Amino acid sequence: MSTACTTPFVHQALRTRVIAKPGAVAELGRELARLGCKRPLLLSGQRTAAGPVWAEVRSALGDLPFLAVQDIEAHSSLTTVERVAQLAREHGADALVAVGGGSVSDTAKAVALVLAEGAPLAQHASRFVPPSTVLMPDLVQPKLPILSIAMTASGAEATPSMGIRTPEGTKLLFWDAQLASRVIFLDPVANLATPASVMLSTGMNGLAHCIEGLYSKAGSPITSILALDGIVKFNHALRQVAAMPQDVNARANLLLAAHLSGMVLASARSCVHHALCHVMGATFGVAHGDVNSVVLPHALRFNAGAAGRELAPAAARLGLPGQPAEAADQLVNWLHELQHAIGVPSRLRDLGIARDQLAGIAQKTMHERGLAYNPRNVSNASELEAILLAAW
């Protein structure tokens, strides 16, 4: 009997240890010791630094000499990365601990990258050559280990990619398999410090990772299995958190769904949906979760004709009515219902983006690498503007 695989594919697997349980943060010091790290640099945003999880982190470190940077902003910038990298050098950091969401995780990855490969950071960015080529530099120098305490549902800590904003309002994208967190702490009790509204909107970002992973040109049978399970888990967990914001089990379920989404993104990459969201985040500073919440059903509808076969299993797993050929429409309707049920944003105008700005967003998105992996070719900016108009 032949055991040959009938569908050739490439799948990038990563080395990450996940500790998922109430009180997981308390094991931070032990995990640093297991990696032989004694001088960690801690990164967080201001809200996290002012919350209860920060005291738990400091307690878990015991007597280790650490340095804390507590002002990482949303859509982290080249300036921030340069500043934090210099602090890491001065401290003699041998590990980076990211306490927060995607922006904090991306900053930790960028700092590890520039410390290992050299400044300026921008020289290491991936480059998109339309219509479908992504050029990525070889980044082979050993990187400092990153340990992440996930405080949102983006799944960014599980991925080897990151985006960093330039002063001109564009987002540089990077990919290096060494940058995925070596240890991830999924602590649902600590996560209660994050407002439910943030978990819900960032959960829509994680859900987008799973949906795009189903039809990305870089996907595989492995990422499809993870994506399908993630979609079902998000559908349940997002509704749970919306209904019971302070329920520990609901938070645990959402953190697990988010981690699956990060595993999908790590291998399958992202498509036109995230390309649009990256541009709007870098240009206008809108929250990544919020803009993901708005754009997702419209990007899915754009890809429907090219991805119906890949989307049909998701509709079936969710128990949506109709025939497989109707899967995309079913999923779009499901997403609109989910937006309403959990109270996330559903219109770009509500995020402060004006209609006359949409054409410029579309033009900038034509240079985003996500277009290379999209199942439907994007030939001109007017196609992207149509998505944005529908979302506006």
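This is a predicted model: local features need pLDDT of at least 70, side-chain atom pairs count only at pLDDT 80 or more; totals for chains, interfaces and linings use all residues.
Ser-270 counts as buried, at 14% relative accessibility, where buried denotes under 20% relative accessible area, exposed over 50% and partly exposed the range in between, with a 1.4 Å probe and protein chains only. This residue lies in the loop between α9 (248-268) and α10, helices (H or I, at least four residues) and strands (E, at least two) being DSSP runs numbered from the N terminus. When residues up to four places away in sequence are not counted, Ser-270 touches Glu-212, Leu-265, Gly-370 and Tyr-373, contact being defined by heavy atoms within 4.5 Å. Residues are numbered from 1 along each chain as its sequence is written, and side-chain values use heavy atoms, with hydrogens and water left out.

The loop between α9 and α10 also holds Arg-269, a residue other than glycine whose phi is positive, near 65°. Arg-269 counts as buried at 14% relative accessibility. A positive phi, of about 55°, is likewise found for His-75, which is not a glycine; His-75 is placed in the loop between β3 (67-69) and α4 (78-91) and is buried, with a relative accessible area of 6%. As to peptide geometry, the bond from Ala-119 to Pro-120 is cis, with omega near 0°, and Pro-120 lies in the loop between α5 and β5 (127-129). A cis peptide bond also joins Pro-130 and Pro-131, with omega about 5°, Pro-131 being found in the loop between β5 and β6 (133-135).

In soluble globular proteins, nonpolar side chains tend to be buried together. The largest nonpolar core has 81 residues, of which Leu-207, Ile-211, Ile-231, Met-280, Leu-311, Trp-334 and Leu-348 touch the most other members; such a core is a set of buried Ala, Val, Leu, Ile, Met, Phe, Trp, Tyr and Cys residues joined through side-chain atoms within 4.5 Å. Helix α11 (residues 288-317) gives the most to this core, with 13 residues. Apart from this core lies another, of 28 residues, including Leu-96, Ala-98, Ala-112 and Met-162. Trp-334, with residues up to four places away in sequence not counted, touches Leu-207, Ile-211, Ile-231, Asn-235, Arg-239, Leu-318 and Leu-320. Gln-330, placed in helix α12 (residues 327-342), counts as buried at 11% relative accessibility. Leaving aside neighbours within four places in sequence, Gln-330 is in contact with Ala-315, Leu-320, Pro-321, Gly-322 and Gln-323.

In helix α13 (residues 358-365), the buried residues are Leu-358, Ile-361, Ala-362 and Thr-365. Seen down the axis of α13, these residues fall within an arc of 100°, so they line one face of the helix, the arc being that of the directions from the helix axis to the C-beta atoms. The buried residues of α13 pack against α10, α14 and α15 (381-391).

A pocket is here an open set of points, on a 1 Å grid over the protein atoms alone, where a 1.4 Å probe fits, with protein on both sides within 12 Å along at least five of seven lines, and lining residues have an atom within 4 Å of a point; grid points are joined across faces, edges and corners, and the volume is the space filled by probe spheres set on the points. Of the 45 residues that line the largest pocket, Gly-101, Gly-102, Ser-103, Ser-154 and His-288 are the closest to its centre. The largest share of this lining, 6 residues, comes from α7. The lining of the largest pocket divides into 12 nonpolar, 25 polar and 8 charged residues, with Ala, Val, Leu, Ile, Met, Phe, Trp, Tyr, Cys and Pro counted as nonpolar, Asp, Glu, Lys and Arg as charged, and the others, Gly among them, as polar.

The second largest pocket has a volume of about 370 Å³, and of its 15 lining residues the closest to the centre are Leu-214, Ser-220, Ser-224, Arg-309 and Glu-310. Helix α11 gives the most to the lining of the second largest pocket, with 4 residues, and by class this lining has 7 nonpolar, 5 polar and 3 charged residues.
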